[in-house]
Amino acid sequence: MKIDKLVDWYQKLSPSSLNSIGEFYHESASFQDPFNRVQGSAQIAALLQHMFDTTENPGFIVKQIHIDGDVIWISWIFCCGLRGRKITIEGASQLVLSQDGRIIRHRDYWDAADLYQQLPLIGTMIRTLKRRFKVKTGCPSSGKLLHER
C-alpha cells in the first residue's frame with residue numbers, strides 16, 4: 001500500500017469513500033481507540049459511518065508519518081462539530097500492515113479527557129481537576145517542585 005494514498009483517503013474521508021475501505025484494510029483487521037474495539041473491515045467501516053452520523057463535518061489532518069518496516073505511526077488532528085460546538089483532538093495511530101500490504105491492526109491513541117473538557121458540564125469538572133493536579137515548574141535553584149493551590 002502506498003502511504004500517500006492512505007493519508008489522502010483519510011484526509012478526504014466521507015461516507016461514500018467508505019466503500020473503498022477494502023483497498024486499505026484487510027477484511028479481518030482490528031481497530032481500537034479509547035471507546036471502541038471492533039474486528040473486521042466491515043465493522044471498522046460501520047464505526048467510521050457512526051462518526052459521520054453523530055458529528056458535524058468530521059475530518060482528519062495528518063501531521064506526521066513514521067514508517068518502520070510493517071508498522072506505520074501517524075500523528076493527526078481530528079476536528080468536528082458536536083451540537084454546534086467545535087471539537088479538536090490530537091492523537092496518533094499505530095497501523096500494522098499484513099503480508100498483502102493492507103492494514104491488519106489499527107490502534108488510535110488519544111486522551112479522552114481532551115474530548116471531555118470540550119463538552120459542557122463535564123468539561124468544567126475536567127478543567128477544574130486538571131488545574132488542581134497541574135504541577136507548577138520548580139524553582140531552578142532548589143530543584144523542588146511547587147504545587148499550585
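Arg 102 and Glu 27 pair up through their side chains in a salt bridge, with N and O 3.2 Å apart (a salt bridge is a side-chain nitrogen of Lys or Arg within 4 Å of a carboxyl oxygen of Asp or Glu). The two sit 75 residues apart: Arg 102 is in the loop between S5 and S6, and Glu 27 is in strand S1. Keep in mind that this is a predicted model, where local features need pLDDT of at least 70, side-chain atom pairs count only at pLDDT 80 or more, and totals for chains, interfaces and linings use all residues. Residues are numbered from 1 along each chain as its sequence is written, and side-chain values use heavy atoms, leaving out hydrogens and water.

**Salt bridges**
- The count comes to 4 salt bridges.
- Arg 102 also bridges to Asp 100, at 2.8 Å from N to O.
- Shared partners join Glu 27, Asp 100 and Arg 102 into one network.
- Arg 102 is buried at 17% relative accessible area, while Asp 100 is partly exposed at 45% (buried is under 20%, exposed over 50%, partly exposed in between, using a 1.4 Å probe and protein chains only).

**The nonpolar core**
- The largest nonpolar core has 33 residues, and Trp 9, Leu 13, Tyr 25 and Leu 48 touch the most other members (such a core is a set of buried Ala, Val, Leu, Ile, Met, Phe, Trp, Tyr and Cys residues joined through side-chain atoms within 4.5 Å).
- H3 gives the largest share of this core, 6 residues (helices, H or I with at least four residues, and strands, E with at least two, are DSSP runs numbered from the N terminus).
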